[in-house]
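User: I should like a close look at a single helix in this structure and at its surroundings. Please give one connected account.

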Amino acid sequence: RSLTILSGMSLATVRCLCGKASVKFHHPLLMRLECACNDCHQAKEWAASGGGARVLSAVSTNLYFLNDCTINPEPSTAEKSAYRATLLRKDGKSTRLVSTCCNSILGIDHPWYFGQIIMVPSDTCRVEGLDLPPPIARIHMEDYNTATDGPPPPIAPDVPVLSTEDPEIDAKAEVYRVIFRTAKTKLPRVGTSIQEILAPLGPPEVLGLQEGQRIPA
């Protein structure tokens, strides 16, 4: 589950559900995390409500890559309508790259990635060319609601299941936070960065969703 272990993996291409848009990554997967936070779940429900992938679980499978990719079509002026950038709310931290053709979320930028990482919420798009490794952890279980979403999906006993309510969360979360701090995109890039992809789209569209708000299917 370390960077060294994953370095031999094949390269991934992410496609929107209808196949009109794709993002090819030029470096192997850094890690897979499962996340039960309200925002990951809300973003999936929002995508589904606009024609995106059906929500199958309140636990999201998130993939992390170095910030070096090639997008097709490019978000040039002529292709600007192929994508939109969104924030869940005005004070949201995650900027999502969304295909306008089928409301697929193709990539996410977040301040915690320090310009070095792109996150792909794989439940909202198609991931090709990659055999997924086990998750390095399942995080933000403090947000998981068994009353509305039933028991969480099964997970291997050796995968840490983390909650911010755990007094030892900072030490336990080092299993993935260390990758956020140490991942470095190799320069010059083979392709481009998510920041360069998002720039032509202008300021992100603020969706105005309240934190924790559920969106009916």
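The account below concerns helix H2 and the parts around it.

User: Which elements do the buried residues of helix H2 pack against, and which residues of H2 are buried?

Analyst: The model is predicted. Helix H2 comprises 12 residues, 38-49, and at 1.5 Å a residue it should span 16 Å; its end C-alpha atoms are 16 Å apart, so expectation and model agree. Just after H2, glycine 51 adopts a positive phi of about 105°.

The buried residues of the helix are Cys40, His41, Gln42, Ala43, Lys44, Glu45, Trp46 and Ala47. Their packing partners are strands S3 (29-35), S4 (60-66), S6 (83-87), S7 (95-99) and S8 (105-109), together with helix H3 (146-149).

Arginine 89 counts as buried because its relative accessibility is 10%, under the 20% limit. Aspartate 39, at 26% relative accessibility, therefore counts as partly exposed.

Arginine 84 counts as partly exposed because its relative accessibility is 25%, and glutamate 205 counts as partly exposed at 35%. A further salt bridge joins the side chains of glutamate 34 and arginine 32 at 3.4 Å, N to O; both of these residues are buried. A search of the whole structure finds 12 salt bridges.

The largest nonpolar core has 31 residues, and Met31, Leu33, Tyr64 and Tyr176 have the most contacts inside it. H2 supplies at least two residues of this core, as does each of S3, S4, S8, strand S9 (117-121), strand S11 (137-139) and helix H5 (174-182). Leaving aside residues up to four places away in sequence, tyrosine 176 touches Met31, Leu33, Ile136, Ile139 and Leu162. A second, separate core of 25 residues includes Ala82, Leu97, Leu106 and Val120.

Conventions: Residues are numbered from 1 along each chain as its sequence is written. This is a predicted model: local features need pLDDT of at least 70, side-chain atom pairs count only at pLDDT 80 or more; totals for chains, interfaces and linings use all residues. Side-chain values use heavy atoms; hydrogens and water are left out. Helices (H or I, at least four residues) and strands (E, at least two) are DSSP runs, numbered from the N terminus. The expected span of a helix is 1.5 Å times one less than its number of residues. Buried means under 20% relative accessible area, exposed over 50%, partly exposed in between (1.4 Å probe, protein chains only). Contact means heavy atoms within 4.5 Å. A nonpolar core is a set of buried Ala, Val, Leu, Ile, Met, Phe, Trp, Tyr and Cys residues joined through side-chain atoms within 4.5 Å. A salt bridge is a side-chain nitrogen of Lys or Arg within 4 Å of a carboxyl oxygen of Asp or Glu.
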